[in-house]
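Biologist: I would like to learn how to read a protein model feature by feature. Could you walk me through one?

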Amino acid sequence: MASTDGAPTGPPRPPTDRPGPPTDRPRSGLAGRIEPVRAGLIGLLAAGVSLGVGQLVAAAFRPVAAPVIAVGNRFIVLTPEPVKRWAIDRFGTGDKSALLTGIYLVLALAAVLVGLAAARRLRYGLAGVALLGVLGGYCALTAPAHRAGDAVPSVLGALAGLGCLAALHRAAERDAIAGPARRQPDGQLVTGRRRFLSAGLTAAGVALVGGLGGRLAQFSRFDANAARARITLPPPAEPAPVPAGFDLGKGAVPFQTPNNRFYRIDTALSVPQLDPGSWRLRIHGNVRRELQLSYADLLARPLVERWITLTCVSNEVGGDLISTALFRGVRLADLLREAGVAADADQLVATSSDGMTIGTPTATVLDGRDALLAVGMNGQPLPVEHGFPVRMVVPGLYGYVSACKWIVDLEATTFAAYQAYWVRGGWAPRGPVRLASRIDRPSGSQAVRVGTEIPVAGVAWHQHTGISRVEVQVDDEAWQPAVLARVPSADTWRQWVWLWTPRTPGRHRLRVRAYDAGGTAQDATPADPFPAGATGLHTIAVTAR
Ligand SMILES: Nc1nc2c(c(=O)[nH]1)N[C@H]1C(S)=C(S)[C@@H](COP(=O)(O)O)O[C@H]1N2
Ligand SMILES: [Mo]
């Protein structure tokens, strides 16, 4: 006879009345039912164990093959361009943590559902865990630069998850039969639900140890930051001009962007850790003589140092996906001439260690500009997030068609023969930077005083062409010429400032437009960054009091 809460009133039935492996039978009556909260918890714990084990295995031999990283990378590849653009716009450089958080939330939801399904029939839950494992393995095996064994962390993780789910399910079921802890009329204490508690704690422990162990193992694997710290770059044979007069000090963003403030855009969820000691760059394809270069080979060549402003094609009008640094490196054109690139090879495809492909017009690299294989940035070895040990930089081209980080391969081919990563997503195959300008100050929220002069300041850029004139307009008044800062070359942005004395209180509209060295005015037609870079004038509203 059963009490209303489903617990048998007699002494607890020994668990031995359910021999064999965890049962799959539909629960009849209330006897073995697992409450929803507990069922959900079982799912979460099983997922935790899966991830912990998967992460530990991955950390030991292939960090990019960790299940969540693999799913995240796959997600990035599959995400339609508009969504990607929205994410970059909305989360900026935090887009990766946003993505990982999203994956963890969806996974937690899936885990709860798996737990609930398992409570109905264990088989359903097991199928759910297996499915998630297959998903992880599939993502790992379809990553751009995957290796054959990359599904192993997901598979082992899923196996651990299956075992965990079955064990917890069984423990919970037995507890449900045993009923809650209670005192019998004769005063004897009957303890219930202890199996689940101990099994659950064990599972949580495994998940935690796996996760932490994964972290620790990551610390012990190759650490690019440590290798970078040991490097001293040779001084440049051709130094860049010292920055004198590049900053007007009137509120525009500083001419030189410090490394830790330099914008970052890439698809790398786990930043590639390359060993400069074993790094090689292969220059091949349609060339007369294939080249293989080591890091030491590069450093042994004459290094040039150049101020270069790098811009992301996803930069919106007024956006901040643009920065300037002093890059040090080898002139790529020299290497291409040594290799003897064929005249009809109109595209150079750079490939990174993580499988990113970036296609650059060969003619642009060979036209005399300082296209670099960069090893240094602002006097230091290239930061790991910016492509250590070596990346490409080509003044005048957006990053997606020129600035391959963690480069390991450069192939001379044609645009007809090969579509690089972003081009497959619909972005323009050739990506010259567009003439643009931005107002940095006053910021929209800054109050300005009627009758008091304030600087309106910002930057303008048209890399490798240069800026000749910048104008500012207040409301519908006449355009006013701004004062321009000095620049080291046409390859950087140029600061400008115009002094404004508001005459009337209320809201004013400020707009900026630039002219390039050829006298061409900035395109005022508003256009999205996709597919070839934004156009339109940066406009802000300021309130004068
Ligand atoms: N390996 C690799 N290189 C890459 C990318 C990437 O995703 N992976 N993104 C490109 C894009 S779109 C830009 S705008 C620049 C950004 O370089 P930064 O992160 O150093 O600013 O890198 C380019 N090089
Ligand atoms: Mo970009």
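**Reading the model, step by step**

Modeller: Gladly! Let us begin with one pair of residues: Gly285 stands opposite Ala412 in strand E12. Keep in mind throughout that this is a predicted model.

Biologist: Which strand pairs with E12 here, and in which sense do the two run?

Modeller: Strand pairing is read from bridges, and two strands pair if at least two bridges are found between them. Here 4 bridges join strand E3, residues 280-285, to strand E12, residues 407-413, and these strands run parallel.

Biologist: How many bridges join E3 to E4, and what is their sense?

Modeller: E3 is joined to strand E4 (residues 291-294) by 4 bridges, this time with the strands running antiparallel. Ile283 stands opposite Leu291 in E4. The two strands form a hairpin, with 5 residues between them.

Biologist: And how do I think about side chains along a strand?

Modeller: In a regular strand, side chains alternate between the two faces of the sheet.

Biologist: Let us go to the sheet that holds E13. What is the order of its strands?

Modeller: This is an open sheet of 4 strands, ordered E13-E14-E18-E17, with antiparallel pairing. Its edge strands are E13 (436-441) and E17 (483-484), each of which pairs on one side only. Between E14 (residues 454-461) and E18 (residues 494-500) there are 7 bridges, again in the antiparallel sense. As a landmark for that pair, look for Gly458, which stands opposite Trp496 in E18.

Biologist: How is the chain divided into domains?

Modeller: Domain 1 covers 36-181 + 191-221, domain 2 covers 259-424 and domain 3 covers 436-544.

Biologist: Now the ligand. Which residues come nearest to ligand 1?

Modeller: There are 20 residues around ligand 1, and Tyr263, Asp266, His386, Arg391 and Lys405 come nearest. For polar contacts, look for N or O atoms within 3.5 Å of each other. A backbone N or O atom of Tyr263 lies 2.6 Å from an oxygen atom of ligand 1. Thr267 likewise has a backbone N or O atom 3.0 Å from an oxygen atom of the ligand. With Ala403, a polar backbone atom is 3.0 Å from a nitrogen atom of ligand 1.

Biologist: Which peptide bonds are cis, and where are they?

Modeller: Omega is the angle to check. The bond from Phe388 to Pro389 is cis, with omega near 5 degrees, and Pro389 sits in the loop between strand E10 (380-381) and strand E11 (391-393). The bond from Arg441 to Pro442 is also cis, with omega near 0 degrees; Pro442 lies in the loop between E13 and E14.

Biologist: What is the phi of Asn378, and where does this residue lie?

Modeller: Phi of Asn378 is near 55 degrees, a positive value in a residue other than glycine. Asn378 lies in the loop between strand E9 (372-377) and E10.

How values were computed:
Residues numbered from 1 in each chain as written. Chains lettered and ligands numbered in written order. Predicted model: local features only at pLDDT ≥ 70, side-chain atom pairs only at ≥ 80, totals over all residues. Heavy atoms only, no water. Domains from an automatic or database assignment. Near = heavy atom within 4 Å. Polar contact = N/O pair within 3.5 Å; in protein donor to acceptor, adjacent residues only side chain to side chain.
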